[in-house]
Amino acid sequence: MRKEEKAAVEEVKKITALDAAYKILSCLSILLLFGLWYGVSALYPHLFPSPYIAWQRFLTLLEKPIMRVSFPMHIAASLKRVVIALLFAWGLGISFGVMIGWNKKMDAFFGSIFAFIRPIPPIAWIPLITICFGISEFSKVLIVFIGAVMPVVVNTHDGLVKVQKLYLDVGEVFHANKRQMLTEIAIPAAYPSIFAGIRTSTSTAWMVVLAAEMLGANKGVGFLVVRGMEGNDLPLVLVAMITIGLIGALLAIVTSMLERRLCPWDNKK
């Protein structure tokens with residue numbers, strides 16, 4: 001075997017060993033977290049439920065629905081609000097981001113308005129939206145939409161602004177018109193930034209919907225947190241919190257898989 005081939009084989013072995021080590025570290029971190037949970041619950045059993053008690057509460061929750069809504073349906077209610085809000089946020093956010101990122105006149109006119117609205121936290125809109133629309137389903141989706149659309153607009157705008165001039169010069173050499181320059185050169189070049197906004201908006205939407213449900217809802221994972229808090233049912237609160245973490249992680253994995261599929265040339269992740 002030639003030296004180059006041996007070096008390549010050794011490099012592959014090193015990468016494989018590093019990947020295995022990273023996976024082991026990830027498992028150890030989870031075990032450490034559960035060990036810490038068990039230790040705290042053993043020291044303060046009256047304040048913090050143990051993993052076993054939380055598991056038993058989870059099994060009870062599956063058997064006895066809260067507000068006549070099963071546990072999976074509570075999860076589905078939260079996900080439904082998030083999905084509806086994200087679809088509108090992605091569609092409108094990408095369109096608006098492209099508009100102000102590609103057209104300097106639009107950026108000059110709308111950019112200042114967006115810069116004023118952007119720093120306002122989504123939670124700050126809750127009183128105004130509640131006064132205008134009550135605690136309806138539309139209100140919850142609108143609050144989630146406001147939280148999710150901001151990172152999409154910001155990242156799409158930045159992606160369009162930072163498109164390398166070399167790409168545009170190549171388009172001009174091949175006599176591309178303005179529409180082709182935008183749709184076939186600028187937007188594809190901005191895909192990584194756009195998907196960064198999509199990833200951020202997904203996690204933001206999941207956090208905001210929980211806050212919206214905690215302020216007024218009769219179903220959803222956020223509602224379970226409030227129900228556990230009001231009833232001094234800490235195991236229920238922990239079950240809801242673990243569910244929130246797991247679903248948030250799954251949403252992040254799904255968006256990352258989608259990005260890798262649509263942006264195969266971006267191998268930084």
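Arg68 counts as exposed because its relative accessibility is 84%, where exposed stands for over 50% relative accessible area, buried for under 20% and partly exposed for what lies in between, with a 1.4 Å probe and protein chains only. The place of Arg68 is the loop between helix H2 (51-63) and H3, and Arg68 has a positive phi of about 60° although it is not a glycine. This is a predicted model, in which local features need pLDDT of at least 70 and side-chain atom pairs count only at pLDDT 80 or more, while totals for chains, interfaces and linings use all residues. Residues are numbered from 1 along each chain as its sequence is written, and side-chain values use heavy atoms, with hydrogens and water left out.

**Overall make-up**

- Buried residues account for 35% of the 269 residues in the protein.
- Of the contacts between residues at least 6 apart in sequence, 70% join residues at least 24 apart, a contact being heavy atoms within 4.5 Å.
- The protein exposes about 17000 Å², and carbon and sulfur atoms supply 70% of that area; accessible areas come from the Shrake-Rupley method with a 1.4 Å probe, and for residues only the protein chains shown count as cover.

**Loop residues**

- Asn232, in the loop between H10 and H11, has a positive phi of about 55° although it is not a glycine, and it counts as exposed because its relative accessibility is 66%.
- Asn218 is found in the loop between H9 and helix H10 (221-230), and with a relative accessible area of 47% it is partly exposed.
- Asn218 and Met67 lie 151 residues apart in sequence, yet they are 7.3 Å apart in space, C-alpha to C-alpha.
- Leaving aside neighbours within four places in sequence, Asn218 is in contact with Met67, His74 and Phe223.

**Helix H8 and its surroundings**

- The 12 residues of helix H8 (residues 178-189) should span 16 Å at 1.5 Å a residue, and the end C-alpha atoms are 15 Å apart, which agrees; the expected span of a helix is 1.5 Å times one less than its number of residues.
- At the start of H8, a side-chain oxygen of Asn177 reaches to within 3.2 Å of the backbone nitrogen of Arg179.
- Met181, Leu182, Ile185, Ala186 and Ile187 are the buried residues of H8, and what covers them includes helix H3 (71-102), H6, helix H7 (165-173) and helix H9 (191-215).

**His157 in helix H6**

- His157 is found in helix H6 (residues 137-161), and it counts as buried because its relative accessible area is 18%.
- The side chains of His157 and Asp158 are joined by a polar contact of 3.3 Å, a term for a pair of N or O atoms within 3.5 Å, where within protein one must be able to donate a hydrogen and the other to accept it, and residues adjacent in sequence count only if both atoms are side-chain atoms.
- Apart from neighbours within four places in sequence, His157 is in contact with Gly97, Ile100, Gly101 and Asp107.

**Helix H11 and Thr255**

- The buried residues in H11 include Pro235, Leu236, Val237, Ile244 and Glu259.
- Thr255, placed in helix H11, is also buried, with a relative accessible area of 8%.
- The side chain of Thr255 reaches the backbone oxygen of Ala252 at 2.9 Å, and, not counting residues up to four places away in sequence, Thr255 touches Arg199 and Thr202.

**The largest pocket**

- The largest pocket has a volume of about 390 Å³, and its lining is made up of Ile30, Leu33, Phe34, Leu36, Trp37, Phe48, Leu238, Met241, Ile242, Gly245 and Leu246.
- The elements that give two or more residues to this lining are helix H1 (3-43) and H11.
- On a 1 Å grid over the protein atoms alone, a pocket is an open set of points where a 1.4 Å probe fits, with protein on both sides within 12 Å along at least five of seven lines, and lining residues have an atom within 4 Å of a point.
- Grid points are joined across faces, edges and corners, and a volume is the space filled by probe spheres set on the points.

Note on methods
Helix = DSSP H or I, 4+ residues; strand = E, 2+ residues; numbered from the N terminus.
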